[in-house]
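Here are some notes for a first look. Please keep the structure open while you read.

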Amino acid sequence: MRMNTGLIEQLGGLRDIVLAASLAAVGIVLAATPDAKALSRIKDLANVEGVRENQLVGYGLVTGLNGTGDTLNNCPMTRQSMQAMMERLGVNTRGANIRTANIAAVMVTANLPAFSTQGTRLDVTVSALCDAKSLQGATLLATPLLGADGEVYAVAQGSLAISGFAAEGEAARITRGVPTVGRIANGALIEREVDFQLNKLNNLRLSLRNPDLTTARRIAAAINDFLGADTAEPTDPSTVVVQVPRAFPGNMVRLLTEVEQLRIEPDQRARVMIDERSGIIVMGKDVRVSQVAVAQGNLTVTITEQPEVSQPEPFARGQTVVVPRTGIRVDTDDKRKLAIVRDSVSLRELVDGLNALGVGPRDLISILQAIKAAGALQADIEVM
């Protein structure tokens with residue numbers, strides 16, 4: 001029995017050691033998890049210079065409207081475009097008195113993705129240009145889409161899909177959404193490609209979406225650690241230049257797929273974003289405030305009118321008159337005292353200190369601006 005008891009105690013001690021080691025391992029994992037979540041891929045922080053979309057725009061006509069198109073007398077470009085189109089199709093309408101509300105002039109816009117090839121399709125957005133009431137049921141005629149250089153890169157055509165509608169009667173009208181804007185999924189056919197040879201580049205330029213010196217330096221350090229050489233160097237807060245190493249000769253795609261998956265912790269300036277129209281306040285995690293005392297009070301003046309009627313006695317020679325009665329009450333919020341916002345070491349403590357004042361977002365905007373003017377807010381305030 002003693003041997004069994006000793007063996008059980010030894011097994012129990014061994015179990016406690018294993019459990020303690022397991023908990024310690026779990027603790028390490030849990031401690032490392034928040035840092036891992038704070039990391040972002042270089043793919044999400046920077047764009048590759050040269051790999052970009054191109055904007056396309058075109059002017060065209062839509063037909064098939066149920067009397068909701070342009071008024072030809074008010075829209076001369078619609079009349080001229082319709083006549084020119086009919087002449088190209090062999091129909092002469094010059095001098096004819098045309099009255100139709102089933103056609104409308106529109107602007108067609110689209111974004112040409114990077115590395116798009118001929119024959120592929122892209123989505124287009126169609127917007128009314130004149131006084132058309134609705135584009136419901138419209139069909140876009142073949143419309144060339146031009147780039148910034150004036151060349152045709154795609155041709156759009158197809159039936160529109162709109163998210164709004166409009167209906168009216170003799171005495172009432174209802175409009176839901178925007179019926180004068182529609183979209184054609186895969187409505188444009190690409191006719192010309194943008195010449196950009198990625199594999200022939202001698203260096204790779206990464207453009208940061210949020211320029212920052214610290215973030216650019218961290219990206220360069222992560223790339224150098226991965227490639228094992230000083231191939232990346234930040235040239236300014238928004239650009240990191242990467243020289244193609246010998247391990248990736250003429251294979252920029254492979255280099256990009258390896259670099260864009262690297263993870264770093266981006267840095268940002270301490271900023272307070274304020275939208276005065278909606279009362280929205282957004283503060284970054286690095287916002288700090290020095291110890292400051294704040295008092296907030298509103299002056300409220302209430303004026304009430306309670307007029308009284310003064311009527312003379314019977315058979316008297318007086319007149320019935322209205323005697324004004326005005327009541328004025330002033331509320332100066334004397335009960336509100338000074339509140340101390342202590343030195344904040346985290347965003348949570350700063351928010352708790354400001355919430356202790358018991359004010360709403362509107363008053364909080366004025367308080368933050370006053371603290372900034374006093375030099376106690378170590379952050380930039382940007383009003384949207």
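1. A definition comes first: a disulfide is a pair of cysteine sulfur atoms within 2.5 Å. By this rule the count comes to 1 disulfide. Cys 75 and Cys 130 form it, with their sulfur atoms 1.7 Å apart. Which hand does it have? The torsion about the S-S bond of Cys 75 and Cys 130 is about -85°, so this disulfide is left-handed.

2. Next, what the pair connects. Are the two cysteines buried or exposed? Buried means under 20% relative accessible area. Cys 75 has 0% relative accessibility, so Cys 75 counts as buried. Cys 130 has 27%, so Cys 130 counts as partly exposed.

3. Now the confidence. The model is predicted. Its chain averages a pLDDT of 79, and 79% of the residues score at least 70. Over residues 1–36 the pLDDT is below 50.

4. Turn to the barrel. How many strands close into it? There are 6, in the order β3-β4-β5-β10-β7-β6, and the pairing is antiparallel. On average, neighbouring strands of this sheet are turned by 30° against each other, direction ignored. Strands of a sheet pair through backbone hydrogen bonds.

5. Strand β6 (residues 139–146) and strand β7 (residues 152–159) run antiparallel and are joined by 6 bridges. Leu 146 stands opposite Val 152 in β7.

6. Helix α3 (residues 76–88) lies across β3 (54–63), β4 (103–112) and β6. Helix α3 runs at about 80° to β3.

7. Which residues of α4 are buried? They are Thr 215, Ala 216, Ile 219, Ala 220, Ala 222, Ile 223 and Asn 224. What do the buried residues of α4 pack against? Their partners are α2 (42–45), β11 (203–208), β12 (232–236), β13 (239–243), α5 (252–259) and β14 (263–264).

Note on methods
Residues numbered from 1 in each chain as written. Predicted model: local features only at pLDDT ≥ 70, side-chain atom pairs only at ≥ 80, totals over all residues. Heavy atoms only, no water. Pairing = 2+ DSSP bridges. Helix = DSSP H or I, 4+ residues; strand = E, 2+ residues; numbered from the N terminus. Axes fitted to C-alpha atoms, helices over the stretch in contact; angles between N-to-C directions. Contact = heavy atoms within 4.5 Å. pLDDT = per-residue confidence, 0-100. Buried < 20%, exposed > 50% of the residue type's maximum accessible area, 1.4 Å probe, protein only.
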